[in-house]
Structure formats: structure tokens, C-alpha cells
Amino acid sequence: MAALPVPLPLMKMAAVEKRRQVVASAANITDGTRPSVFRAAATTESEEGFLRQVGVTDMLRAALLKVLEARPEEPISFLAHYFENMGLRSPTNGGAGEHPGQLLLQQQRLGRALWHLRLAHYSQRTAFNNNVGVAYECLSTCGRKKPGLDGRTYSELLKRICRDGEAPEEVVAPLLRKIQCRDHEAVPLGIFRTGMLTCFVLLEFVARAGALYRLLEDPALATADRRMGQAVLDTLEGALQATDGAAAPARYLEAGSRLGPDSLALAMDRALVAQRSSSPMTREEFLEKAAALFIAKVKPVG
């Protein structure tokens with residue numbers, strides 16, 4: 001017996017029911033994943049909002065802009081020092097002043113200039129003069145809108161040279177006051193070179209004076225006889241007076257080097273023969289007086 005044909009309305013109803021089941025299944029799948037998607041989007045938005053709220057986003061953007069602006073040779077080290085020095089703004093002026101990135105970049109320039117200055121001893125005149133020129137160029141053109149070296153940077157480099165030396169601060173302070181420039185004053189290459197040379201010569205002069213004092217010092221008392229110390233200082237002053245017509249600071253050191261053992265021994269013998277009471281002389285006093293003899297010969301800037 002042949003099968004009876006299915007009525008058309010029943011076929012349509014079956015097709016509609018089948019599509020309904022497919023749509024329902026799809027809806028269940030979508031409804032099951034929607035909460036996780038919404039949660040992920042909400043979490044991402046809350047994290048970005050937190051970073052903006054605490055200022056991290058702006059801070060990172062500013063740091064990256066500083067790297068692009070400065071283009072340092074070691075960007076990672078630059079960033080590390082940048083974040084480390086975020087609090088360098090002066091608290092007395094409400095945070096005004098130079099940006100920490102600028103302060104760091106300035107210290108890097110000073111360190112690079114000091115490195116060039118120390119490549120050759122000042123007695124090697126050609127090499128030293130070349131290195132002075134490189135250091136001046138490094139400080140006057142690197143990162144500046146207008147080429148030129150200001151007095152603030154020049155004075156800071158002088159302090160760095162003296163601080164890294166072994167001379168006490170109270171010994172070099174009078175020299176710095178004499179050869180420093182005003183913060184906003186333009187410093188030409190000639191003054192820059194003379195200032196650098198003077199600082200290096202003074203440090204060596206003080207070192208040699210310290211060696212002289214060690215010869216006079218009583219190890220048990222850690223002091224020297226004042227008569228002996230003053231006799232050496234008087235002899236040194238006489239040698240320096242012979243260079244009154246000299247222009248270069250290095251000539252003063254050469255004068256001190258010409259102090260032979262005979263002249264020193266003669267002066268010390270005269271001091272011992274003199275029947276006078278004597279008080280002790282400390283190393284600090286001796287160095288200050290010796291440095292004062294040198295500094296008196298230095299012409300002030302301006």
C-alpha cells in the first residue's frame with residue numbers, strides 16, 4: 001500500500017520547529033559566554049582607569065618622551081635613574097624648577113666632560129687642550145637650544161673636580177669663589193680652560209704640600225712643629241714669588257717643584273736654631289696656608 005503524502009501545512013510546521021531549536025541552541029551558547037566577555041571587558045577598563053587615576057599612564061608617557069628627547073646611549077639605565085630621581089624637585093618652591101630628567105641628563109653631561117678632562121695630565125698640553133675642547137663642546141651644545149656654556153654648569157664642574165680630589169673642602173673653597181662665574185653668565189672657552197687647569201693644578205699642589213707635611217709630622221702626636229712648618233711655608237712662598245710674571249697656573253707648581261732639599265733643609269735648620277717656644281701645627285692648617293699661597297697668585301674671573 002503506498003504511503004500517503006504529508007500535508008503541506010505539517011511540513012512547514014516541522015521546518016519552523018527545527019529552526020526554532022537551532023536558534024534556541026545558539027542563544028543558549030551566546031548567553032553562556034556573555035558574562036565572561038563582559039567581565040573581561042569590565043576588568044580591562046577598570047585596570048586602565050586605575051592606571052590613569054594614579055598617574056602612572058601620564059608618568060610613563062612622560063618618561064618615554066624624555067627618552068626620545070634625550071636619546072641616551074643606555075635608555076634602560078636612563079629610565080632607571082629617571083624614576084629614581086622623580087622626587088628631586090625642590091620642596092621649597094612647590095615642585096618648581098628643573099625636571100628630574102633634565103637634572104639627570106645634566107649630571108650625565110658633567111660626568112662625560114669630567115671623563116674627557118681626565119684622559120690626559122695637564123702637563124701634556126696638546127692632549128689636555130684637545131680634551132678641554134671636547135668637554136666644553138659636550139657641555140655647551142648637547143641638548144641645548146642655544147649653543148654656549150653658562151656659569152652654573154661651569155661652576156658645577158669646578159666643584160666636581162675639587163670634590164673628587166683629596167683636597168679638603170675648606171682648602172679649595174677660596175679658589176672656587178675666585179674663579180666661579182654667575183649662573184647665567186656666558187663662559188667662553190678660554191675662561192673654561194683656565195678654570196679647569198687651575199683646579200687640577202691646585203689639587204696637585206695641595207697633594208705635594210701634604211707630602212711635605214708628612215716629612216715634618218711627628219707620628220706620635222700627628223702634628224708638626226710650628227717653627228718647622230712655617231719655615232717650609234716661607235720657603236715655598238719665596239719660590240712662588242719668583243713666578244710673578246708667569247701667566248699659567250702650572251708655573252706655580254713648577255716653582256714648588258724647584259724647592260730642593262738643600263733650601264728646605266737650610267730653612268729648617270734656621271728654625272731649629274731659633275730659641276723660641278713653638279706650638280703644634282695641624283695638617284689642615286698647613287694645607288690651608290700652602291693653598292692660600294697658591295690662590296693668592298690666581299687672578300679672579302671678570
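**Figure 1. Contact between helices H6 and H8 in the predicted model.** Tyr154, Leu157, Leu158, Ile161 and Cys162 of H6 meet Ile191, Phe192, Gly195, Met196, Cys199, Phe200 and Leu203 of H8, a contact being heavy atoms within 4.5 Å. Of these residues, 11 are nonpolar, one is polar and none is charged; Ala, Val, Leu, Ile, Met, Phe, Trp, Tyr, Cys and Pro count as nonpolar, Asp, Glu, Lys and Arg as charged, and the others, Gly among them, as polar. H6 spans residues 151-164 and H8 residues 189-216; helices (H or I, at least four residues) and strands (E, at least two) are DSSP runs, numbered from the N terminus. The axes of H6 and H8 lie 10 Å apart, at an angle of about 15 degrees. Axes are lines fitted to C-alpha atoms, for helices over the stretch in contact, with angles from 0 to 180 degrees between N-to-C directions. H6 and H8 are therefore roughly parallel to each other (under 35 degrees; over 145 is roughly antiparallel, 65 to 115 roughly perpendicular and the rest oblique). Their crossing is right-handed, a term used if the near helix is turned clockwise from the far one by less than a right angle, left-handed being anticlockwise. Residues are numbered from 1 along each chain as its sequence is written. In this predicted model, local features need pLDDT of at least 70 and side-chain atom pairs count only at pLDDT 80 or more, whereas totals for chains, interfaces and linings use all residues; side-chain values use heavy atoms, leaving out hydrogens and water.

**Figure 2. Gly195 in helix H8.** Gly195 is buried, with a relative accessible area of 2%; buried means under 20%, exposed over 50% and partly exposed in between (1.4 Å probe, protein chains only). Leaving aside neighbours within four places in sequence, Gly195 is in contact with Tyr154, Leu158 and Ile179. The C-alpha atoms of Gly195 and Val301 are 8.9 Å apart, although 106 residues separate the two in sequence.

**Figure 3. Packing of helix H7 against helix H8.** The axes of H7 and H8 come within 11 Å and cross at roughly 165 degrees. That makes H7 roughly antiparallel to H8. The crossing is right-handed. From H7, the contact is made by Val171, Val172, Leu175, Leu176 and Ile179, and from H8 by Gly195, Thr198, Cys199, Leu202, Leu203 and Val206. Nine of the residues in this contact are nonpolar, two are polar and none is charged.

**Figure 4. Packing of helix H7 against helix H12.** H7 (residues 169-179) and H12 (residues 283-295) pack with their axes 8 Å apart, at an angle of about 20 degrees. The two helices are therefore roughly parallel, and H7 and H12 cross in a right-handed sense. Glu170, Val171, Pro174, Leu175 and Lys178 of H7 meet Glu284, Leu287, Glu288, Ala291 and Ile295 of H12. This contact of H7 with H12 comprises six nonpolar, no polar and four charged residues.

**Figure 5. Pro72 in the loop between helices H2 and H3.** Pro72 is buried, with a relative accessible area of 15%. Beyond its neighbours within four places in sequence, Pro72 is in contact with Val67 and Phe78. Leu105 is 33 residues away from Pro72 along the chain, with 8.6 Å between their C-alpha atoms.
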